[in-house]
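Trainee: Could you walk me through how to read the features of a model like this one? I would like the general idea and then the case at hand.

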Amino acid sequence: MNKGREIARGKTKVLYEAPGQPDFLIVESTDAITSGDGARRDEIPGKGRLAAQTTARVFRLLNLCGLPTHYITGGEDDDDNEMRVRRANMIPLEVVVRGVAAGSFAKRNPGAQKGALLVPRVVEFFVKDDANHDPQISPDGIIGQGIASPQEVAAMSELARLTFEILAHAWRKRDVLLVDLKLEFGRLAGGENNGQLVIADVIDNDAWRIWPQGREELMLDKQMYRNLETVDADGLARVKGAYEQVAELTGAFPVMRPGMVAVIADGPENIENANAVINQLGAFGLPTVRHVASAARTPGFVLQLVAQLEATFARSVANRHGVGVPSQLHDHGATRRRVLDVPRVAPPSPLPHIDPPLPIDDSDGGCDTPPDAFDTLNRPWTRQDPAIYIDQDRDVISDSGTELYSFYRRRGITTVLFMGVHANMCILGRSFAIKAMARAVCAMTARTHPYCSTPR
Ligand code: C5P
């Protein structure tokens, strides 16, 4: 990643400025591994890459579940062990959630048998202070010392518990018991939602205890390194093997899948509408995730959500309004070339169907735009809402069903969601639009959908 000045260095990571983006940072995971507050320190070549992958996969899952995190993108093989995050002012606390008694909890609570399930989960706070071995602090102590407000302490406890449950569930599916977990929080520094509490730092294999089959002796986390009596090449190789296994296992954590639709409600007042959309999509068998964010009031945050989810729902395929001169489409350069470069594929033969009587008068040929409006409208659509901007690097513009069908086929796009399209006669008459989508639904569901049994 393109990165700027180094601004901070921790035991296992380095923070850089993101050039030209004051609200963002680049976090690089290094090959270092430490324990005992830095008393033991080694390098495991390749650990930085595994740590970046693990933390990115964990944060992606948390973002998918709607938890506020600082993670935007990166962490995979070709990202130089770096991820792009929102800049946050860190709260100097380590928040530990425990589902099973182990580690310092078992030592501090001799009555709690090691390995005992903890219900409800225990949330503990520690002050970040290596020199004093991160002393524990109570919620009242945090508030009394002005480290965080009562609301923030409550939010941190709740978000930490939710994070634990989400990750415990993901691990349980892989027959691994999540024992405990350490999180850190920050307040967004600048940009939209400035000051909002977010899950920050990293969540990698150093930050939890995980026991496959619930058996401590099969542990795969950093405790293996802490337990080494003497650090030798063999021991470090075993630790690295575990980190590799963990990065691979987290690679199967849930992410947005092709065909999954993210529905963003434009404020709480629109949740009901969003739910109606979600129900309809559910009827077509499409899984959804729902978020509430206003594209008008916080466009940056909506774009951030899109990036965090790696969702493609906001990628736009614009249809030119009205009749016009096709050459005007060439104004769109890359977005036009991208679709023209795709070899044409013959569209499937239409299923037999009967058009119902049209609900409006189409004697004007199907377009009700007054001729004198063409002076202003007879231009390709360029932008509408900041969240549905045209991305020169990814989007395509076309007014041809064959072009779009070929593009979808080439890219493996199987789900097309038409949004915000004014479904007037200009659209209804086009082969790639609503009728084509209806045919696709009937084909996909082998005509079992109720929609297909009525003649269209
Ligand atoms: O040592 P203790 O039992 O308190 O650790 C609880 C959890 O927090 C463990 O998963 C441990 O890996 C993690 N932890 C951490 N960084 C620390 C202290 C603990 O990631 N400085």
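Mentor: Helix α1 passes α4 in a right-handed crossing (left-handed if the near helix is turned anticlockwise from the far one by less than a right angle, right-handed if clockwise). Helices (H or I, at least four residues) and strands (E, at least two) are DSSP runs, numbered from the N terminus. This is a predicted model, where local features need pLDDT of at least 70 and side-chain atom pairs count only at pLDDT 80 or more, while totals for chains, interfaces and linings use all residues. Residues are numbered from 1 along each chain as its sequence is written, and side-chain values use heavy atoms, with hydrogens and water left out.

Trainee: At what angle do α1 and α4 pack, and how far apart are their axes?

Mentor: Two packed helices are described by the angle between their axes and the distance between the axes. Here α1 (residues 47-64) and α4 pack at about 115°, with axes 11 Å apart. Axes are lines fitted to C-alpha atoms, for helices over the stretch in contact, and angles run from 0 to 180 degrees between N-to-C directions. The two helices are therefore roughly perpendicular (under 35 degrees is roughly parallel, over 145 roughly antiparallel, 65 to 115 roughly perpendicular and the rest oblique). Val 58, Leu 61 and Leu 62 of α1 make the contact with Thr 163, Ile 166, Leu 167 and Ala 170 of α4; contact means heavy atoms within 4.5 Å.

Trainee: Is Thr 163 buried or exposed?

Mentor: Buried means under 20% relative accessible area, exposed over 50%, and partly exposed in between (1.4 Å probe, protein chains only). Thr 163 has a relative accessible area of 0%, so Thr 163 is buried. Not counting residues up to four places away in sequence, Thr 163 touches Leu 62, Leu 67, Leu 181, Leu 183, Ile 199 and Ile 203.

Trainee: In what order do the five strands of the open sheet run?

Mentor: Two strands pair if DSSP finds at least two bridges between them. The order is β1-β2-β3-β7-β6, with antiparallel pairing. β1 (6-9) and β6 stand at the edges with a single partner strand each, so one side of each has no neighbour in the sheet. From one strand to the next, the twist averages 25°. Strand β3 (residues 24-29) is joined to β7 by five bridges, and Ile 26 has Arg 84 as its bridge partner in β7. Helix α1 packs on this sheet, touching β3, β6 and β7, and its direction makes about 135° with that of β6. Helix α8 (residues 299-309) lies across β6 and β7, at about 45° to β6.

Trainee: Which peptide bond is cis?

Mentor: Most residues other than glycine have a negative phi, and most peptide bonds are trans. The bond from Val 119 to Pro 120 is cis, with omega near -5°, and Pro 120 lies in strand β10 (residues 117-127).

Trainee: What is the phi of Asp 80, and where does Asp 80 lie?

Mentor: Asp 80 has a positive phi, near 55°, and lies in the loop between β6 (71-74) and β7 (82-86). With a relative accessible area of 47%, Asp 80 is partly exposed. Asp 175 also has a positive phi, of about 60°, and sits in the loop between α4 (150-172) and β12 (176-188).
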